[in-house]
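Subject: Structure handover

Hi,

Here is the structure for you to look over. My notes come after it.

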Amino acid sequence: MKELAIRAFSGAIYVALLIGSLYSQVSTVILIGLFGFICLTEFSRLINLKSIAQYLIYFIIYVSFWYICVYNSKSIIADEAIEILLVITVFVNLILIKDLFTSRKIPLFKYKRHIVTAFYLSSGFVFMLLTSNFKGQFTPLLLLGGFMLVWINDSAAYLVGKNFGKQKLFPSISPKKTVEGFLGGLFFACVSSYFIAFYTDTVGFTSWLILAIIVSVFGTFGDLIESKFKRQAGAKDSGTIMPGHGGLLDRLDSIIFAAPFIYLFLRILKYVS
């Protein structure tokens, strides 16, 4: 009971910080950047990357795209820079999905560690930032809706899997995840997309429905990939910053991986609408 109370308390602080930060663009930029730094520290420990280079790369990427999205969002060069980062990030994430299925261990030679920290982890936070400033305007409800879809998907997947789960989804990496849990999370995320569309008044219901599918699928991949990194490192959690939950990366792994695909869909939507 005490552990449950600690878990609920630390989770409530995390949610309150996130929602509270979305009331202003400055606080959103600061909190996302801080979350990124903490997750980068935890991830560097998992992959045994003892260097300061990844922090310098994160700082350069994050600050550069913060400047672009806040002060220079309508520039053609800025738009092309975002496209380049998006293509590289999606490519690296697809390689990680491939490694999930084809490799017993995710290959982590020296240069790949820096590539993964830059274009899997650091870029994930950049695309959260870009989503919160979609179309050159501060649009925090888009980012909040993405987080809500992750929370609903994860909670529903856990509850459905715990009560009805029989067929394992990926037993070699995450023995507790089930196919029934994944489908339950997907179902409730899709249902919740209607209410998110109605109350946020950002994009239409059909768009939020597609975003729910993106979050459920790629968020699950993100969770599994982080679990594989933890297994390779022999770690149960990525850190201890959130009592009862583990590390911050354990809470953000889904949205980090899904964020580039969320932004990719929104970008496509902007061009076709």
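Below is what was found.

This is a predicted model, with local features needing pLDDT of at least 70, side-chain atom pairs counting only at pLDDT 80 or more, and totals for chains, interfaces and linings using all residues. Residues are numbered from 1 along each chain as its sequence is written, and side-chain values use heavy atoms, leaving out hydrogens and water.

Surface patch. A nonpolar patch on the surface includes Phe 187, Tyr 194 and Phe 205, with about 900 Å² of accessible area for the patch together. (Areas are Shrake-Rupley with a 1.4 Å probe, and for residues only the protein chains shown count as cover.) Helix α7, residues 179-200, gives the most to the patch: seven residues. Phe 187 is in α7. (Helices, H or I of at least four residues, and strands, E of at least two, are DSSP runs numbered from the N terminus.)

Hairpin. Strands β1 (residues 168-170) and β2 (residues 174-178) pair antiparallel over two bridges. (Pairing needs at least two DSSP bridges between the strands.) Three residues join β1 to β2 in a hairpin. Phe 170 has Ser 174 in β2 as its bridge partner.

Cysteines. The whole structure has zero disulfides (cysteine sulfur pairs within 2.5 Å). Cys 39 is buried at 0% relative accessible area. Cys 190 is buried at 19%. (Buried is under 20%, exposed over 50%, partly exposed in between, with a 1.4 Å probe and protein chains only.)

Ser 24. Ser 24 is in the loop between α1 (2-21) and α2 (25-46). Ser 24 counts as partly exposed, at 30% relative accessibility. Its C-alpha lies 8.5 Å from that of Phe 138, 114 residues apart along the chain.

Best wishes

How values were computed
Patch = residues over 30% accessible without salt bridge, like charges linked within 9 Å, V, L, I, M, F, W, Y side chains within 5 Å. Salt bridge = Lys/Arg side-chain N within 4 Å of Asp/Glu carboxyl O.
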